Amino acid sequence: MSTIQDWAHALMNPSPVGLIIAILIALTIPIFLHTVVFKASGLTTLPSILLLSPSGSGKTSLLTLFERGTPASTHTSQTPLAVECSLPVGTTASSDKYRSTHDPTSLTHKKFLLIDTPGHGKLRHHAQSSITNPQNLKGLIFLVDSATLSAGDEGLRQTADYLHNILLMLQKRSTGSKAAKALKDIPVLIAANKMDLFTALPAALVKSSLEAEITKVREARSKGLLDSGIGMEDEGEENDDWLGEMGSKEFRFKQMEEFDVSVEVLGGNVCGEEPKVDRWWQWIAERL
Ligand SMILES: Nc1nc2c(ncn2[C@@H]2O[C@H](COP(=O)(O)OP(=O)(O)OP(=O)(O)O)[C@@H](O)[C@H]2O)c(=O)[nH]1
Ligand SMILES: [Mg+2]
């Protein structure tokens with residue numbers, strides 16, 4: 001009987017050690033929960049948009065325009081570059097769509113990270129590693145120089161080649177492992193740049209010539225694989241490298257929807273008398 005009473009006394013009496021332990025627990029649990037939950041939700045990094053394209057199509061110019069309001073003169077980039085940008089006045093991020101206009105948070109503009117990558121053939125691994133290890137990646141902007149995309153142009157072939165590889169990477173992500181699938185699908189904007197030049201193709205034509213050229217790239221790739229004997233013994237392997245709908249004659253960007261990759265083509269220009277980039281801003285805003 002007395003032992004029970006002793007226990008009860010010990011429990012009820014304020015002891016300094018018990019007090020300190022209680023205070024420590026009360027203070028550390030919220031901090032611990034905050035770090036664990038916050039890290040897991042990925043909110044520690046800003047939403048980011050990745051810029052990529054062959055060299056000279058205007059990525060760095062676009063980055064400086066978005067950051068400062070005017071495009072600066074540029075040199076061929078050799079390293080990736082990330083800058084913090086905020087949506088311009090008048091565009092609302094889709095995640096803020098239901099906020100009241102009087103909400104003070106809507107006065108501070110939605111921030112995001114714009115990542116420029118080098119377009120040179122030997123430096124494209126930077127862009128590719130950003131896709132395979134995305135950090136809160138919300139979208140991909142593939143910039144093209146609309147003035148170099150006429151039929152038979154070397155620029156068209158190179159652009160289609162790079163775009164084919166990027167789309168294939170995205171397609172493989174969506175058909176790949178469960179972990180890759182759990183990552184959010186990454187939408188693609190094909191920004192048809194340099195519309196100020198009179199030799200530039202209109203956006204609709206940029207789209208159709210890229211589709212036609214990717215059809216050729218896709219065919220050449222699958223022939224190359226067959227000739228080299230890769231994938232002969234294993235049908236499944238070979239099919240993995242076919243972009244878009246299996247067995248389709250012509251490649252269409254629409255075929256990417258099957259893999260949850262949306263592709264949109266919008267025209268604009270970074271340089272020239274007056275930059276025209278509002279539709280690209282709108283596209284970004286809808287993804288944030
Ligand atoms: N006329 C015209 N020229 C442009 C436009 N956008 C970019 N340029 C020019 O295109 C050239 C190449 O631009 P960059 O921004 O350096 O190209 P980049 O894509 O960063 O190239 P890399 O860094 O080599 O991958 C520059 O001389 C720009 O002035 C545009 O809308 N219209
Ligand atoms: Mg550059």
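**Entry 1: an acidic spot**

I started at D196, which sits in the loop between strand 5 (188-193) and helix 7 (203-228). Helices (H or I, at least four residues) and strands (E, at least two) are DSSP runs, numbered from the N terminus. This is a predicted model, so local features need pLDDT of at least 70 and side-chain atom pairs count only at pLDDT 80 or more, while totals for chains, interfaces and linings use all residues. Residues are numbered from 1 along each chain as its sequence is written, chains are lettered from A and ligands numbered from 1 in the order in which they are written, and side-chain values use heavy atoms, with hydrogens and water left out.

D196 has a relative accessibility of 37%, so I noted it as partly exposed (buried is under 20% relative accessible area, exposed over 50%, partly exposed in between; 1.4 Å probe, protein chains only). With E273, E274 and D278, D196 gathers in a patch of negative charge on the surface. Patches take residues with over 30% relative accessible area and no salt bridge, joining like charges within 9 Å and nonpolar side chains (Val, Leu, Ile, Met, Phe, Trp, Tyr) within 5 Å. Asp and Glu count as negative, Lys and Arg as positive; His and the chain ends are not counted. The place of a charge is NZ of Lys, CZ of Arg, CG of Asp or CD of Glu.

**Entry 2: the whole chain**

Next I looked up the totals. I found nine helices and six strands in the protein, and 38% of its 288 residues are buried. Of the contacts (heavy atoms within 4.5 Å) with a separation of 6 or more, 77% are between residues 24 or more positions apart. The accessible surface is about 17,000 Å², with 59% of that belonging to carbon and sulfur atoms; areas come from the Shrake-Rupley method with a 1.4 Å probe, and for residues only the protein chains shown count as cover.

**Entry 3: a nonpolar patch**

V17, I21, I25, I29, F32, L33, V36 and V37 make a nonpolar surface patch of about 770 Å². I checked L33, which is in helix 2 (residues 16-40) and is partly exposed at 47% relative accessible area.

**Entry 4: salt bridges**

How many salt bridges are there? I get nine, taking a side-chain nitrogen of Lys or Arg within 4 Å of a carboxyl oxygen of Asp or Glu.

D145 pairs with K194, and their closest N and O atoms are 3.3 Å apart. This pair links distant parts of the chain, 49 residues apart: D145 is in strand 4 (residues 137-145) and K194 in the loop between strand 5 and helix 7. D145 is buried at 14% relative accessible area, whereas K194 is partly exposed at 22%.

R221 and D161 also form a salt bridge, at 2.8 Å between the closest N and O atoms. R221 is in helix 7 and D161 in helix 5 (residues 154-175), so the bridge ties together parts 60 residues apart in sequence. R221 is partly exposed at 32%, and D161 is partly exposed at 24%.

E250 and R252 meet at 3.8 Å, N to O. Salt bridges that share partners join E211, E250 and R252 into one network.

**Entry 5: a buried arginine**

Leaving out residues up to four places away in sequence, R124 touches P54, P118, G119 and Y162.
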